[in-house]
Amino acid sequence: MAAAAQRPRRMPPLEIVREILPRLPPREPACLLRASLVCKAWADAISEPAFRRRLHDLHGTPPVLGFLHNWDDEAVPRFIPTTDSPFSLAAPDCRSWRALDFRHGRALFLSKGRATWELLMWEPITGSSHLLRVPEAFETDHGTDKMPPTAAVLCAVDGCEHRDCCGGPFRLVFLFSVEVDTADDEAHVTAACVYSSDTSTWGEPTSVHGVVSMSFTLYSSVLAAKDSLLYFMSDNVLILEYDLAKHNLTVIHPPDYMPGNLGRFNIILAQDDPQGLGVCQYLDPNLRLWTREASEGTDARWVRSQVISLRNMVPLGSLLDRDTRVQVLGFAEVANVMFFNTVTGIFTVELQSRKARKVYDKRGFCNLIPVVSFYTPVPRGEHQDPPSLGLSEEAGSDEKTVDQAQQLLDKGSSAIKEGVLVNAFKRVSHDTEIRVPGNGEVALECANMEYKHGDALPSEAQEVTDPFGDVPNSALNEELVKSTSTTSTSSSNIEDDAPPSEKGDSEEGDH
C-alpha cells in the first residue's frame, strides 16, 4: 500500500506574522534570526523600520544583548552575549580597534598601533560603518607622546526617541588630554571636540587647564539631561561633564574622592532622577549609589541615594578573595544595568529590581561597553562586515589567504556545534569564496561542508518557527501568541547564565 502523501505545510498570513514576530522574547534574538530564514517575506517584515518601532512599543526598554571589551585574548570573543539564546556579532578586530562606546544603535572604536589615528563608527545590527580621522588638534598638539583619548557617539536628531535612528545623522565627542609648554603649574590641557556627520567636520576644541594629565582607558561615557550632558571618567577617577548645547567642559570630583580609587567608582545615571548624574561606588560588600544634586546659591553636591548589599545577590564565594576585589566595570544607561567583576566571573545587577545574573565565567576585564538594543536581522546579503586592519590588509599572498579561509572554516564548524546558525552559514560561505578562485582542490572541503550543513539551516528554522505543520491558521496564531507571551520566573534573585569557560580564570592584563 502506497504511503499517504504528506500534506504541505501552510504558512500563516503575513498580517498575522507581523503581529506574532514582535512578541518573540527580546532576550532570545535567535528566535527572530530563525524566523528571518523561513522565507523572504518574513525576512523583509523583520527588517522594516516599523518593526523596530513596534518592538519598542511592545517591550519598552531594549535588552542588554551583551558587551564589547578590549581584552586582547583570542580565546575570548570580542562581543560576549548576555542573552538567553546563542547570539554573536562580528565586531571589529580587537588587535586593530579599541572599543570606546555604544549608544543609539552605534558602536565607536579607536584605531590601535597605527601612525594615523582613526575612529570607526559601526552599527552592529546593519553592519554599516563610517571611518574618519581624529581631530587635528589631537594629532598636532602633542607630538607622538599622547595620553590615551576616548570618545562617545550619539544620535544627532533633536527630540529623537531612538527607536529607529540607525543610518541617520550622528555626533561624536572626542576627549583628550595633552601637556603644553607653559610657565605656570597648569601644564595640562584636557579638550573636547564635536564631530557632525551632517557637515563631516570637527568643531573647535573646548578645553580646561589642570595640574595633571588624564588618560581614558577604564571607563565609558554616560549621556544624561535629555541628551544634553555627556559625562566621562578619567583613569584617575575624575569626572568630566561636556555640555552639548553650551560647549562647556567641567571637571568634577566624585564623592569620597581619594587618588588611587581605581575600580571603586563608575559613572551611572542617578536612580532618583534618570536625567541626572550618579556614581556607583563599591565598598565591600556593598554598592553605594550617589546622586549629584544642584541647590540654590551653592555648587552641586553629592547625596547618597541607595546602598545595595551584594551579599544578598551573588554567592558569597564570588566576593571573597584576598588578592581580587570586586570591580565596577560598566553601566548600561538605557537598561539601568551595572556590570561588575568578581572572583568567579562577571555579574550584572538591575539597579531597580536588584536582580543579579552571572553572565560570563572569566574575570580578566577592566572596562566593558554594554550593547543595549533590540536585535533585528537584516536580509541575507545586505549585512556588511566591520572593517578590519588586521589580517585582511596583509593577506596579499596565497598562503595568508588560505590561512584566512581555514580560520573561517574552523569558526563555521564551531558555530554549527554551538547552534549559532547565521555565523556558521556566513563563515563557511565566505570560506568557499576565498578558496575557490585560486586554490582549486583545497576548496572541496569547505564546499562539501557548506553543502552538508547549509541546506539544514532553512529546514531547522522552519521547524522552530513553524512547528505546527498543517494546523489551521487560526489555531496556529493562537498557539504562537500563547507561547510567546509566557515567561519563566524564578524564586531566587540569582541567575547563572554564564557560558562555560574554555580556560580557567585569567589574571588581569593590559587592556
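Modeller: We will take the words one at a time and test each against its cut-off.

Colleague: How do you know where this model comes from?

Modeller: It is a predicted model. Its protein has eleven helices and 25 strands. Buried residues make up 50% of the 511 residues.

Colleague: Why is Ser85 called buried?

Modeller: The cut-off for buried is under 20% relative accessible area. Ser85 has 12%, so Ser85 counts as buried. Its place is in the loop between β2 (79–81) and β3 (97–103).

Colleague: What does Ser85 contact, leaving aside its neighbours within four places in sequence?

Modeller: Ser85 is in contact with Arg27, Glu28, Pro29 and Ala30. Contact means heavy atoms within 4.5 Å.

Colleague: Is His56 buried or exposed, and how do you know?

Modeller: Use the same test. His56 has a relative accessible area of 12%. The limit is under 20%, so His56 is buried. His56 is found in helix α4 (residues 49–59). Not counting residues up to four places away in sequence, His56 touches Pro62, His162, Arg163 and Phe374.

Colleague: What makes helix α2 (residues 29–36) largely enclosed?

Modeller: Eight of the eight residues of α2 are buried, so the rest of the structure largely encloses this helix. Among them are Pro29, Cys31, Leu33 and Arg34.

Colleague: Now the strands. How do you know that β1 pairs with β2?

Modeller: Pairing needs at least two bridges between the strands. Strand β1 (residues 64–69) is joined to β2 by three bridges, so the two count as paired. They run antiparallel. For example, Phe67 has Ile80 in β2 as its bridge partner.

Colleague: What is the order of the open sheet of three strands?

Modeller: The order is β2-β1-β24, with antiparallel pairing. β2 and β24 (368–372) are the edge strands, as each pairs on one side only. From one strand to the next, the twist averages 30°.

Colleague: What makes β3 and β4 a pair?

Modeller: Count the bridges again. β3 and strand β4 (residues 106–111) share six bridges, in the antiparallel sense. At least two are needed, so this is a pair. Trp97 has Ser111 in β4 as its bridge partner. The hairpin of β3 and β4 has two residues between the strands, and there His104 takes a positive phi near 55°. β3 is mostly covered, with seven of its seven residues buried.

Colleague: Why is strand β8 (residues 170–179) called largely enclosed?

Modeller: Nine of its ten residues are buried, so the rest of the structure largely encloses β8.

Colleague: Which strands does β8 pair with?

Modeller: Six bridges join β8 to strand β7 (residues 150–155), and the two run antiparallel. Nine bridges join β8 to strand β9 (residues 188–196), also in the antiparallel sense. Ala151 has Phe174 in β8 as its bridge partner. Ser177 has Thr190 in β9.

Colleague: What makes a group of residues a nonpolar core?

Modeller: The members must be buried nonpolar residues, joined through side-chain atoms within 4.5 Å. The largest nonpolar core here has 36 residues. Those with the most contacts inside it include Tyr231, Leu287 and Met338. Not counting residues up to four places away in sequence, Met338 touches several residues, including Ile268, Val328, Phe331 and Leu351. A second, separate core has 20 residues, among them Leu110, Leu132, Val134 and Phe174.

Colleague: How many of the contacts join residues 24 or more positions apart?

Modeller: They account for 56% of the contacts with a separation of 6 or more.

Technical notes
Residues are numbered from 1 along each chain as its sequence is written. This is a predicted model: local features need pLDDT of at least 70, side-chain atom pairs count only at pLDDT 80 or more; totals for chains, interfaces and linings use all residues. Side-chain values use heavy atoms; hydrogens and water are left out. Buried means under 20% relative accessible area, exposed over 50%, partly exposed in between (1.4 Å probe, protein chains only). Helices (H or I, at least four residues) and strands (E, at least two) are DSSP runs, numbered from the N terminus. Axes are lines fitted to C-alpha atoms, for helices over the stretch in contact, and angles run from 0 to 180 degrees between N-to-C directions.
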